[in-house]
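Here is a friendly walk through one protein chain, from its overall build down to a few single residues. Keep the sequence and the 3D view open as you read.

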Amino acid sequence: MALQFTRNAKVYVELSSDVWQVPVLDGFSFTQSVNSSEVTVNEAGSTSRRARLLFNDNLAPVEWSFSTYVRPFRTAGDGSGGNWDGNANDVHAVEEVLWAMLMGADTFTSSTAVWTGNSTTINTQSVLSPTDYQNSLSFAASNQSKFSDDFNLYFSFEETGNTQVYRITQAVVNSATIDFDIDGIATIQWSGFGKQVVDRTTNIPTRTIYEDITDTSNFIRNRISTVSLTRTDVSPDDTFDLVLTGGSFSVENNISYLTPEELGVVNIPLANVTGARAISGNLTCYLDNDTGNSKSGELFADMVADTSTVRNVYDMAINVGGTTVSTPRLTLDIPTAHLEVPVIGVEDLLTLDVAFHGQPSNGDVDNTDEMTVIYRA
């Protein structure tokens, strides 16, 4: 009896001749359903005819989801094959290929590890100090009516003598949600669609891009996560620095699929169509009313008192894993965030829940600067 166990699962992403392996957590899924039509016959008479016929109309898009840890790393640049052989100390992430898909990438240059979409660069390397290296990923290429059809996603169940591989063709990433709490490790929940599930039997993809997937020092602990807020639509600027107990952050592409409706065949999804890009989340912290230090109590008081501003502007930097140089961490830089009035939670200690939304600068919907994802290591 050849049974498959999820514990043997490996996930690969393929773009042309480049293949990445992405370690995932338990709870992944992929499924494709069929849409059908029903015709009923209900005829009276001496001999009645009562029947029902079903017709398969079309396959729904494949729906897939899984979770990964947030894992930045520095490249060696020494040709060892342990990770990318570009410039030494460049910063990348084990899950970077998924961010690229979410942000509209269609091309990857393996010699430089640069992602582009519509000829626009998505990731940019920089050095803040001799020990502080970073890689910034932006949505500069994401204003597209559809995302690339060239990515394939593989779910491979690998056991000696019993391997099963499924390929999801023309895969796209629809959403990413980052969760962080004080006692956990930063994770990202990815979900998306694909055109069709194909049985690849035992044809395991050959990995060509080598990242530090076996490193155990590149996980991000959430205990020292913080957020810096500067309100920029008032004068002088009002600044707040909060220590977080948890939070969640999500990016949604709101992708849908076009599917033909021809009779006599089972139609297959044709192409993806992007919807409105939505960037939002919420942060939780204790309610600290030490107003002399720009704490959460002052933030709440200021926002409750402001009844004249319908769209506020905060320069927000969420530092998942803190700000210590040369340690793995993730910064979500949202330069024009809109904050809702915080909600007080009554627990053993009073808490504050702050909902926020990433907005394009100056309210110009042609801009793509709602957020920059910055990996540091």
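## The chain as a whole

Of the 377 residues in this chain, 46% count as buried, where buried means under 20% relative accessible area, exposed means over 50% and partly exposed lies in between, all with a 1.4 Å probe and protein chains only. This is a predicted model, in which local features need pLDDT of at least 70 and side-chain atom pairs count only at pLDDT 80 or more, while totals for chains, interfaces and linings use all residues. Residues are numbered from 1 along each chain as its sequence is written, and side-chain values use heavy atoms, with hydrogens and water left out.

The chain has two helices and 29 strands; these are DSSP runs numbered from the N terminus, with helices being H or I of at least four residues and strands being E of at least two. Along its principal axes the C-alpha trace spans about 85 × 65 × 45 Å. Among contacts (heavy atoms within 4.5 Å) with a separation of 6 or more, 67% are between residues 24 or more positions apart.

## Surface and charge

The chain exposes about 18000 Å², and carbon and sulfur atoms supply 48% of that area. Accessible areas come from the Shrake-Rupley method with a 1.4 Å probe, and for residues only the protein chains shown count as cover.

There are 20 positive and 47 negative charges, and their mean positions are 7 Å apart. Lys and Arg count as positive and Asp and Glu as negative, with His and the chain ends not counted. Each charge is placed at NZ of Lys, CZ of Arg, CG of Asp or CD of Glu.

## The nonpolar cores

Nonpolar side chains tend to be buried together in soluble globular proteins. A nonpolar core here is a set of buried Ala, Val, Leu, Ile, Met, Phe, Trp, Tyr and Cys residues joined through side-chain atoms within 4.5 Å. The largest one has 72 residues, and W99, W115, M316, I318, L339 and Y375 have the most contacts inside it. Helix α1 (residues 96–102) gives the largest share of this core, six residues. Apart from it lies another core of five residues, including F147, V172, F193 and I255.

I318 is worth a click. Setting aside neighbours within four places in sequence, I318 has contacts that include F180, T226, V227, L244 and L283. Its partners also include L330, T331, L332, I334 and F356.

## What covers helix α2

Which residues of helix α2 (residues 296–305) are buried? They are S296, G297, E298, L299 and M303. The cover over these buried residues includes strands β19 (226–231), β20 (238–243), β24 (278–286), β25 (314–320), β26 (329–339) and β28 (351–358).

## Strand β15 and its partners

Strands pair if DSSP finds at least two bridges between them. Strand β14 (residues 151–157) pairs with β15 in the antiparallel sense over five bridges, and S156 has V165 of β15 as its bridge partner. The hairpin of β14 and β15 has six residues between the strands, and G161 there takes a positive phi near 80 degrees. Strand β15 is also joined to β18 (residues 196–199), antiparallel and through four bridges, with T169 opposite Q196.

Leaving aside neighbours within four places in sequence, Q170 touches D149, F151, N152, F193, G194, K195, Y257 and L270.

N254 lies in the loop between β21 (246–252) and β22 (256–258). Its phi is near 50 degrees, a positive value in a residue other than glycine, and N254 counts as partly exposed because its relative accessibility is 40%.

Strand β10 (residues 114–117) meets β11 over two bridges, where T116 stands opposite T121.

## A last stop at V343

V343 lies in strand β27 (residues 343–345). V343 and D353 are 10 residues apart in sequence and 5.1 Å apart in space, C-alpha to C-alpha. Not counting residues up to four places away in sequence, V343 touches T351, L352 and D353.
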